[in-house]
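Please open the model in your viewer and keep the selection panel at hand.

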Amino acid sequence: MNRDKYFMSLALKEAKKAYDNGEVPVGCVIVKDDKVIARGRNRVLSKKSGVYHAEIVAINKAGQKLGDFRLEDTELFVTLEPCCMCAGAIVNSRIKRVVIGAMDIKRGFCGSIENVLDRQELNHRSIVETGVLEKECLDILQDFFKNLRSEKKSK
């Protein structure tokens, strides 16, 4: 398994934990020097706040671990393309590289709707790679929403 697939598989494990807790299954890991320094998964429902996206949770943990908000020379692996809020946090954190599993054509701001991570006007740009373990990342999301729809119909 290549390096990107390995770290994306760890992000998928976080997404599975979110799924098991009834959260939209998005997972994230942040890597520095080939070591995972932070993990995050969606916690919007459990925290009752729209800001607890997987990326934000992982960025907060990485900042605490490194003792700095600047996460230069780190890589972020996430199962679903970051939204506008998360893309902004990535820019503000100065994350060097972002690896995305599945794109989000309705909410994604790393290439789908806009690419915030490559705006010349901003103080930082990240390298973006997409499609890593894309099928697996899409499968868990599609399964989650399929089950959610069937639960709503049965009520």
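Which residues does Met-8 touch, not counting residues up to four places away in sequence? Select Met-8 and display its contacts (heavy atoms within 4.5 Å): Phe-77, Val-78, Thr-79, Val-99, Ile-100, Gly-101, Val-132, Leu-133 and Cys-137. This is a predicted model, in which local features need pLDDT of at least 70 and side-chain atom pairs count only at pLDDT 80 or more, while totals for chains, interfaces and linings use all residues. Residues are numbered from 1 along each chain as its sequence is written, and side-chain values use heavy atoms, with hydrogens and water left out.

Next, select Met-8 together with Ile-30, Ile-59 and Leu-76, which touch the most other members of the 43-residue largest nonpolar core. Such a core is a set of buried (under 20% relative accessible area, 1.4 Å probe, protein chains only) Ala, Val, Leu, Ile, Met, Phe, Trp, Tyr and Cys residues joined through side-chain atoms within 4.5 Å. Helix α1 (3-20) is among the elements that each supply at least two residues, and α1 gives the most, with six.

Now turn to the rings, which pair if the centres of Phe, Tyr or Trp (its six-membered ring) lie within 6.5 Å, with planes under 30 degrees apart counted as stacked, over 60 as edge-to-face and the rest as tilted; the count comes to four aromatic pairs. Phe-7 and Phe-77 have centres 5.3 Å apart and planes at 40°, so the pair is tilted. Both residues, Phe-7 and Phe-77, are buried. Finally, select Tyr-19 and Phe-144, an edge-to-face pair at 5.5 Å centre to centre with 70° between the planes.

Definitions and conventions: Buried < 20%, exposed > 50% of the residue type's maximum accessible area, 1.4 Å probe, protein only. Helix = DSSP H or I, 4+ residues; strand = E, 2+ residues; numbered from the N terminus.
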